[in-house]
Amino acid sequence: MTNSNEASQNSPAGLLPATVGVLGGGRMGAGIAHAFLVNGSRVIVVERDEEAARGAHQRVAASVAASFDRGLLSGDQAEVLARFDTGTDYAAFASCELVVEAVPEDAKLKATALSDVAEHLSPHACLATNTSSLSVSRLAEALPTPEQFIGLHFFNPVPASTLIEVVVAEKTSEETLAAARQWVTALGKTAVVVRDAPGFASSRLGVAIALEAMRMVDEGVASAEDIDNAMVLGYKHPMGPLKTTDIVGLDVRLGIAEYLRSTLGERFAPPQILRDKVAAGELGRKTGKGFYDWS
C-alpha cells in the first residue's frame, strides 16, 4: 500500500540505479537515501566519521520504519534495510551508478566534497548535487566528467515531497538529463527542469516570498501565524513562508539569501530579524524555536 506522497516500492524495474551513494546523512541526505531505498536501490551513505554514520543509519532506519507503521509501504521491512549501509570511506562509492552529494550549503565544502567523491567513481557513474541555490556549473568546474554531473534539488521532507528540481549545468549531457528525468519518475515524483541560474526556480521564488514575510513581521504588519494563514488560505500554500522557513532552517535560508544578494542584487538582502534569530541560535524546528515555538 502506498500513496502519491510516499516513494513506492513498485516503480518500474530497471529505471533506478542498482546502487546509489549519498554523501551526507543529515535530514536531507537521509531523506534522499530513503527515497531510493524504498524503491529498490541498494543505498550507501557516507559520513565524515563513525558517530555521524551511526546517526545517519538511525535516521534512515527510523524513516523506513515509520513508513511501514503508517501503512505507506508493504512487504518485508528487513529486506529493505538489508539493502542499506553507512560508512566513512569514499571508496564505497566505487560500486555506485549514481552518487548524490547532500552536504551543507557551502560552496567550498561542496566543491571539495564533489572532487573527492569523483576520484572514486566508476567511469560511467553519474554525480549529482542537492544544492538548493549554488551554481551547478561552477561546482562542475573541477570535476573530471562534468557532462555526467547534474543538480538534483530534493525538497524537505523528501519522502513526502512530490517535486525534484533538475538543474542542468553548462556541460551536462543530454544523456545525463534523460537519466535524471527517468530517476525522478521512478521515485514517484515530478521533475521541474531548469537551467543553472542563481536560486534556480524554487529557491529564488520561495526565498523572495519568505524574506518579504520576515520584513512584515519585523515591521509589525501581522504575526507570523497570520501571515502564513494569509498565504495558506488565500493562495493555497501548504503551510506558509515562515513555517516553511522554520522547517528548512533559518540558517539555510540566510545562506541562500546572502548568495542571491551577491548574484541578483539587494532585493534579496536578508532582513535584520533573520540575522538576529540565526545569531541567537533560533534556527527553526531543529533547535525548537524560529518564527514559531517547536518545543
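In the predicted model, strand β1 (residues 19-23), helix α1 (residues 27-38) and strand β2 form a right-handed β-α-β unit. The two strands of this unit, β1 and β2, are paired in the parallel sense, and five bridges connect them. Within β2, Val43 lies opposite Val20. Strand β2 covers residues 42-46 and is mostly covered, with four of its five residues buried. Strand β2 is also joined to strand β3 (residues 84-87) by four bridges, and these two strands run parallel. Here Val46 has Gly87 of β3 as its bridge partner.

These strands belong to an open sheet of eight strands with mixed pairing, arranged in the order β3-β2-β1-β4-β5-β6-β7-β8. Strands β3 and β8 (190-195) are at the edges and have a single partner strand each, so one side of each has no neighbour in the sheet. From one strand to the next, the twist averages 25°. Helix α2 (residues 50-69) packs on the sheet, where it touches β2 and β3, and the direction of α2 makes about 160° with that of β3. Elsewhere in the sheet, strand β5 (residues 126-129) pairs with strand β6 (residues 149-154) in the parallel sense over three bridges. Thr129 has Gly151 in β6 as its bridge partner. In general, strands of a sheet pair through backbone hydrogen bonds, in either a parallel or an antiparallel manner.

Helix packing was examined next. Two packed helices are described by the angle between their axes and by the distance between the axes. Helix α9 (residues 241-248) and helix α8 (residues 224-235) have axes that come within 7 Å and cross at roughly 110°. An angle of 65 to 115 degrees counts as roughly perpendicular, and α8 and α9 are therefore roughly perpendicular to each other. On the α8 side the contact is made by Ala224, Ile227, Asp228 and Met231, and on the α9 side by Pro241, Leu242 and Lys243. Five residues of the contact between α8 and α9 are nonpolar, two are charged and none is polar.

Helix α9 also packs with helix α7 (residues 202-218), at an angle of about 110° and with the axes 9 Å apart. Helices α7 and α9 are therefore roughly perpendicular to each other as well. Helix α7 contributes Ile209, Ala210, Ala213, Met214 and Val217 to this contact, while α9 contributes Pro241, Leu242 and Thr245. The residues of the contact of α7 with α9 comprise seven nonpolar, one polar and no charged.

Conventions. Residues numbered from 1 in each chain as written. Predicted model: local features only at pLDDT ≥ 70, side-chain atom pairs only at ≥ 80, totals over all residues. Heavy atoms only, no water. Axes fitted to C-alpha atoms, helices over the stretch in contact; angles between N-to-C directions. Parallel < 35°, antiparallel > 145°, perpendicular 65-115°, else oblique. Contact = heavy atoms within 4.5 Å. Nonpolar A, V, L, I, M, F, W, Y, C, P; charged D, E, K, R; others polar. Buried < 20%, exposed > 50% of the residue type's maximum accessible area, 1.4 Å probe, protein only. Pairing = 2+ DSSP bridges. Right-handed = clockwise from strand over helix to strand, strands pointing away.
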